[in-house]
Amino acid sequence: MKYLVHSALILLVACGNPAERAAEQALREGESHYRAGQFEKADSVYAQASFDPRVAYNLGNTYFRQEQLDTAIKTFTRSIEGAATGPEQARAQYNLGNSWMALAYNADSLEKNGADKLSQIRIEGDDIALKVRQFVVRDSIQTELVALAHLVDSALAQGSEAYKNSLRRTPKDEDARHNLGLAQGMIAARLKEAAERATKDKKDDKDKGLSERAKAIMAK
(Lines give C-alpha, C1' and ligand atoms only; values in the text may rest on other atoms or scores of the structure.)
Protein backbone atom coordinates (compact mmCIF):
# COMPACT_ATOMS: atom_id res chain seq x y z
CA MET A 1 0.00 0.00 0.00
CA LYS A 2 1.27 3.45 -0.83
CA TYR A 3 -0.50 5.30 1.94
CA LEU A 4 -0.20 4.23 5.56
CA VAL A 5 -2.36 5.26 8.49
CA HIS A 6 -3.85 8.48 9.76
CA SER A 7 -2.29 9.58 13.05
CA ALA A 8 -4.14 10.98 16.04
CA LEU A 9 -4.32 14.69 16.74
CA ILE A 10 -3.43 14.79 20.41
CA LEU A 11 -5.00 18.21 21.03
CA LEU A 12 -8.45 16.94 20.12
CA VAL A 13 -8.47 14.19 22.72
CA ALA A 14 -9.05 16.61 25.55
CA CYS A 15 -11.46 19.05 23.91
CA GLY A 16 -13.54 17.05 21.42
CA ASN A 17 -16.95 15.46 21.90
CA PRO A 18 -17.19 11.77 22.92
CA ALA A 19 -17.20 10.53 19.32
CA GLU A 20 -14.16 12.65 18.42
CA ARG A 21 -12.30 11.49 21.51
CA ALA A 22 -13.09 7.85 20.71
CA ALA A 23 -11.82 8.31 17.15
CA GLU A 24 -8.60 9.99 18.25
CA GLN A 25 -7.97 7.29 20.83
CA ALA A 26 -8.54 4.58 18.23
CA LEU A 27 -6.17 6.33 15.81
CA ARG A 28 -3.47 6.57 18.46
CA GLU A 29 -3.76 3.05 19.87
CA GLY A 30 -4.36 1.43 16.50
CA GLU A 31 -1.35 3.10 14.90
CA SER A 32 0.92 1.67 17.58
CA HIS A 33 -0.26 -1.89 16.81
CA TYR A 34 -0.25 -1.29 13.05
CA ARG A 35 3.33 -0.07 12.90
CA ALA A 36 4.37 -3.05 15.03
CA GLY A 37 2.79 -5.38 12.49
CA GLN A 38 0.09 -6.43 14.96
CA PHE A 39 -2.73 -6.12 12.45
CA GLU A 40 -5.32 -8.18 14.32
CA LYS A 41 -4.90 -5.97 17.39
CA ALA A 42 -4.99 -2.87 15.22
CA ASP A 43 -8.24 -3.81 13.50
CA SER A 44 -9.92 -4.63 16.81
CA VAL A 45 -9.04 -1.11 18.01
CA TYR A 46 -10.00 0.65 14.79
CA ALA A 47 -13.30 -1.24 14.57
CA GLN A 48 -14.48 0.48 17.75
CA ALA A 49 -14.52 3.88 16.03
CA SER A 50 -14.88 3.02 12.34
CA PHE A 51 -17.69 5.58 12.05
CA ASP A 52 -14.88 8.11 11.61
CA PRO A 53 -13.66 8.05 7.96
CA ARG A 54 -10.01 8.37 9.03
CA VAL A 55 -10.37 5.34 11.30
CA ALA A 56 -12.24 3.46 8.58
CA TYR A 57 -9.35 4.19 6.21
CA ASN A 58 -6.84 2.80 8.70
CA LEU A 59 -9.08 -0.20 9.32
CA GLY A 60 -9.14 -0.87 5.58
CA ASN A 61 -5.33 -0.92 5.59
CA THR A 62 -5.25 -3.51 8.37
CA TYR A 63 -7.70 -5.73 6.49
CA PHE A 64 -5.59 -5.38 3.35
CA ARG A 65 -2.46 -6.37 5.26
CA GLN A 66 -4.29 -9.50 6.46
CA GLU A 67 -5.43 -10.24 2.87
CA GLN A 68 -9.08 -9.84 3.86
CA LEU A 69 -9.69 -8.10 0.56
CA ASP A 70 -13.49 -8.20 0.43
CA THR A 71 -13.68 -6.57 3.85
CA ALA A 72 -10.96 -4.06 2.94
CA ILE A 73 -12.94 -3.02 -0.13
CA LYS A 74 -16.09 -2.43 1.90
CA THR A 75 -14.16 -0.48 4.53
CA PHE A 76 -12.33 1.77 2.06
CA THR A 77 -15.67 2.46 0.36
CA ARG A 78 -17.11 3.57 3.70
CA SER A 79 -14.08 5.78 4.27
CA ILE A 80 -14.51 7.41 0.85
CA GLU A 81 -18.15 8.18 1.53
CA GLY A 82 -17.28 10.04 4.74
CA ALA A 83 -13.96 11.62 3.75
CA ALA A 84 -13.90 15.36 4.44
CA THR A 85 -11.37 16.43 1.77
CA GLY A 86 -10.37 15.58 -1.78
CA PRO A 87 -6.90 14.31 -0.80
CA GLU A 88 -8.44 12.00 1.83
CA GLN A 89 -10.82 10.63 -0.78
CA ALA A 90 -7.91 10.20 -3.20
CA ARG A 91 -5.92 8.17 -0.67
CA ALA A 92 -8.86 5.90 0.04
CA GLN A 93 -9.65 5.54 -3.68
CA TYR A 94 -6.03 4.60 -4.37
CA ASN A 95 -6.00 1.89 -1.72
CA LEU A 96 -9.45 0.74 -2.85
CA GLY A 97 -7.93 0.30 -6.30
CA ASN A 98 -5.05 -1.68 -4.80
CA SER A 99 -7.53 -3.94 -3.02
CA TRP A 100 -9.47 -4.62 -6.21
CA MET A 101 -6.22 -5.32 -8.06
CA ALA A 102 -5.01 -7.75 -5.39
CA LEU A 103 -8.36 -9.54 -5.68
CA ALA A 104 -7.95 -9.67 -9.47
CA TYR A 105 -4.40 -11.08 -9.21
CA ASN A 106 -5.53 -13.77 -6.76
CA ALA A 107 -8.48 -14.80 -8.92
CA ASP A 108 -6.31 -14.76 -12.06
CA SER A 109 -3.84 -17.13 -10.39
CA LEU A 110 -6.64 -19.48 -9.39
CA GLU A 111 -8.05 -19.30 -12.91
CA LYS A 112 -4.71 -20.30 -14.44
CA ASN A 113 -4.29 -23.20 -11.98
CA GLY A 114 -7.82 -24.38 -12.75
CA ALA A 115 -7.16 -24.23 -16.49
CA ASP A 116 -4.03 -26.37 -16.01
CA LYS A 117 -6.04 -28.96 -14.05
CA LEU A 118 -8.72 -28.99 -16.72
CA SER A 119 -6.18 -29.60 -19.48
CA GLN A 120 -4.94 -32.69 -17.64
CA ILE A 121 -8.34 -34.37 -17.43
CA ARG A 122 -8.86 -37.14 -19.99
CA ILE A 123 -12.23 -38.78 -20.51
CA GLU A 124 -11.08 -42.23 -21.57
CA GLY A 125 -11.10 -45.92 -20.74
CA ASP A 126 -13.91 -48.50 -20.46
CA ASP A 127 -14.77 -47.90 -16.81
CA ILE A 128 -18.16 -46.13 -16.95
CA ALA A 129 -18.09 -45.12 -13.28
CA LEU A 130 -14.64 -43.56 -13.74
CA LYS A 131 -15.81 -41.69 -16.83
CA VAL A 132 -18.78 -40.29 -14.94
CA ARG A 133 -16.50 -39.02 -12.18
CA GLN A 134 -14.19 -37.46 -14.77
CA PHE A 135 -17.14 -35.69 -16.40
CA VAL A 136 -18.32 -34.39 -13.02
CA VAL A 137 -14.85 -33.10 -12.10
CA ARG A 138 -14.41 -31.47 -15.50
CA ASP A 139 -17.79 -29.75 -15.37
CA SER A 140 -17.11 -28.54 -11.82
CA ILE A 141 -13.78 -27.02 -12.85
CA GLN A 142 -15.34 -25.40 -15.92
CA THR A 143 -18.06 -23.81 -13.78
CA GLU A 144 -15.43 -22.51 -11.34
CA LEU A 145 -13.35 -21.09 -14.21
CA VAL A 146 -16.33 -19.14 -15.52
CA ALA A 147 -16.92 -17.63 -12.06
CA LEU A 148 -13.22 -16.79 -11.64
CA ALA A 149 -13.03 -15.17 -15.07
CA HIS A 150 -16.01 -13.00 -14.21
CA LEU A 151 -14.40 -12.04 -10.88
CA VAL A 152 -11.11 -11.07 -12.54
CA ASP A 153 -12.85 -8.93 -15.15
CA SER A 154 -15.07 -7.25 -12.58
CA ALA A 155 -12.21 -6.60 -10.14
CA LEU A 156 -10.03 -5.09 -12.87
CA ALA A 157 -12.86 -2.79 -13.95
CA GLN A 158 -13.51 -1.72 -10.36
CA GLY A 159 -9.81 -1.20 -9.72
CA SER A 160 -9.45 0.94 -12.84
CA GLU A 161 -12.38 3.09 -11.80
CA ALA A 162 -10.95 3.57 -8.31
CA TYR A 163 -7.60 4.74 -9.72
CA LYS A 164 -9.42 7.12 -12.09
CA ASN A 165 -11.35 8.54 -9.14
CA SER A 166 -8.10 8.99 -7.23
CA LEU A 167 -6.56 10.81 -10.19
CA ARG A 168 -9.58 13.09 -10.49
CA ARG A 169 -8.75 14.37 -7.01
CA THR A 170 -4.94 14.27 -7.27
CA PRO A 171 -4.10 14.46 -11.02
CA LYS A 172 -0.33 14.51 -10.42
CA ASP A 173 -0.25 11.18 -8.55
CA GLU A 174 2.08 9.13 -10.74
CA ASP A 175 1.63 5.96 -8.67
CA ALA A 176 -2.11 6.00 -9.30
CA ARG A 177 -1.48 6.66 -13.00
CA HIS A 178 1.01 3.79 -13.17
CA ASN A 179 -1.38 1.36 -11.47
CA LEU A 180 -4.22 2.48 -13.72
CA GLY A 181 -2.00 1.63 -16.69
CA LEU A 182 -1.34 -1.84 -15.27
CA ALA A 183 -5.04 -2.48 -14.76
CA GLN A 184 -5.94 -1.26 -18.24
CA GLY A 185 -3.15 -3.37 -19.71
CA MET A 186 -4.51 -6.50 -18.05
CA ILE A 187 -8.02 -5.68 -19.28
CA ALA A 188 -6.74 -5.25 -22.86
CA ALA A 189 -4.78 -8.52 -22.68
CA ARG A 190 -7.83 -10.44 -21.43
CA LEU A 191 -10.02 -8.96 -24.18
CA LYS A 192 -7.45 -10.02 -26.77
CA GLU A 193 -7.27 -13.54 -25.33
CA ALA A 194 -11.06 -13.80 -25.33
CA ALA A 195 -11.23 -12.71 -28.98
CA GLU A 196 -8.54 -15.20 -29.99
CA ARG A 197 -10.30 -17.96 -28.07
CA ALA A 198 -13.61 -17.16 -29.75
CA THR A 199 -11.94 -17.28 -33.19
CA LYS A 200 -10.33 -20.63 -32.39
CA ASP A 201 -13.59 -22.10 -31.09
CA LYS A 202 -15.39 -20.96 -34.24
CA LYS A 203 -12.69 -22.57 -36.41
CA ASP A 204 -12.83 -25.79 -34.37
CA ASP A 205 -16.62 -25.92 -34.77
CA LYS A 206 -16.26 -25.40 -38.53
CA ASP A 207 -13.60 -28.12 -38.80
CA LYS A 208 -15.76 -30.47 -36.76
CA GLY A 209 -18.71 -29.79 -39.05
CA LEU A 210 -16.63 -30.51 -42.14
CA SER A 211 -15.33 -33.71 -40.57
CA GLU A 212 -18.84 -34.95 -39.78
CA ARG A 213 -19.97 -34.11 -43.29
CA ALA A 214 -17.02 -36.03 -44.77
CA LYS A 215 -17.90 -39.06 -42.63
CA ALA A 216 -21.49 -38.94 -43.85
CA ILE A 217 -20.39 -38.78 -47.50
CA MET A 218 -18.02 -41.72 -47.01
CA ALA A 219 -20.77 -43.70 -45.32
CA LYS A 220 -22.97 -43.26 -48.39
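1. Is Arg177 buried, partly exposed or exposed? Arg177 has a relative accessible area of 40%, so this residue counts as partly exposed. The model discussed here is a predicted one. In it, the side chain of Arg177 meets that of Glu174 in a salt bridge, with 3.9 Å from N to O. Both residues belong to helix H8 and sit three residues apart, about one turn of the helix.

2. The structure holds 10 salt bridges in total. One of them joins the side chains of Arg190 and Asp108, at 3.5 Å from N to O. Since Arg190 is part of helix H8 and Asp108 part of helix H6, this pair ties together parts that are 82 residues apart in sequence. Arg190 and Asp108 are both buried; for Arg190 the relative accessible area is 15%.

3. Arg190 also meets the side chain of Asp153 in a salt bridge, here at 2.6 Å from N to O. Asp153 lies in helix H7 and Arg190 in helix H8, so this pair ties together parts 37 residues apart in sequence. On accessibility the two partners fall into separate classes: Asp153 is partly exposed, with a relative accessible area of 39%, whereas Arg190 is buried at 15%.

4. These two salt bridges of Arg190 should be read with their surroundings. Asp108, Glu111, Lys112, Asp153 and Arg190 are linked in a network of salt bridges.

5. Asn106 is found in helix H6, which covers residues 86-119. Asn106 and Val152 are separated by 46 residues in sequence, and their C-alpha atoms are 8.5 Å apart in space. Asn106 has 43% relative accessibility and therefore counts as partly exposed.

6. The largest nonpolar core has 38 residues. Tyr46, Val55, Leu96, Trp100, Met101 and Leu156 are the residues with the most contacts inside this core. Two or more residues each come from helix H2 (18-35), helix H3 (39-46), helix H4 (53-65), helix H5 (69-82), H6, H7 and helix H8 (174-219). Of these elements, H6 gives the most, with nine residues.

7. Leu96 deserves a separate entry. Apart from residues up to four places away in sequence, Leu96 touches Ile73, Phe76, Thr77, Ile80 and Ala162. Leu96 is also among the residues with the most contacts inside the largest nonpolar core.

8. The count of aromatic pairs comes to three. One of these pairs is Tyr34 with Phe39: the ring centres are 5.3 Å apart and the planes stand at 70°, so the pair is edge-to-face. The cut-off behind this label is an angle of over 60 degrees between the planes. Tyr34 counts as buried because its relative accessibility is 6%, and the limit for that class is under 20%.

9. On the surface, Ile128, Val132 and Val136 form a nonpolar patch. Together the three residues have about 290 Å² of accessible area. Val136 is found in helix H7, which covers residues 128-169. With 53% relative accessibility, Val136 counts as exposed, the cut-off for that class being over 50%.

How values were computed. Residues numbered from 1 in each chain as written. Predicted model: local features only at pLDDT ≥ 70, side-chain atom pairs only at ≥ 80, totals over all residues. Heavy atoms only, no water. Patch = residues over 30% accessible without salt bridge, like charges linked within 9 Å, V, L, I, M, F, W, Y side chains within 5 Å. Areas by Shrake-Rupley, 256 points an atom, 1.4 Å probe, with all protein chains shown as cover. Salt bridge = Lys/Arg side-chain N within 4 Å of Asp/Glu carboxyl O. Helix = DSSP H or I, 4+ residues; strand = E, 2+ residues; numbered from the N terminus. Buried < 20%, exposed > 50% of the residue type's maximum accessible area, 1.4 Å probe, protein only. Phe/Tyr/Trp six-rings, centres within 6.5 Å; stacked < 30°, edge-to-face > 60°. Core = buried A, V, L, I, M, F, W, Y, C linked by side-chain atoms within 4.5 Å. Contact = heavy atoms within 4.5 Å.
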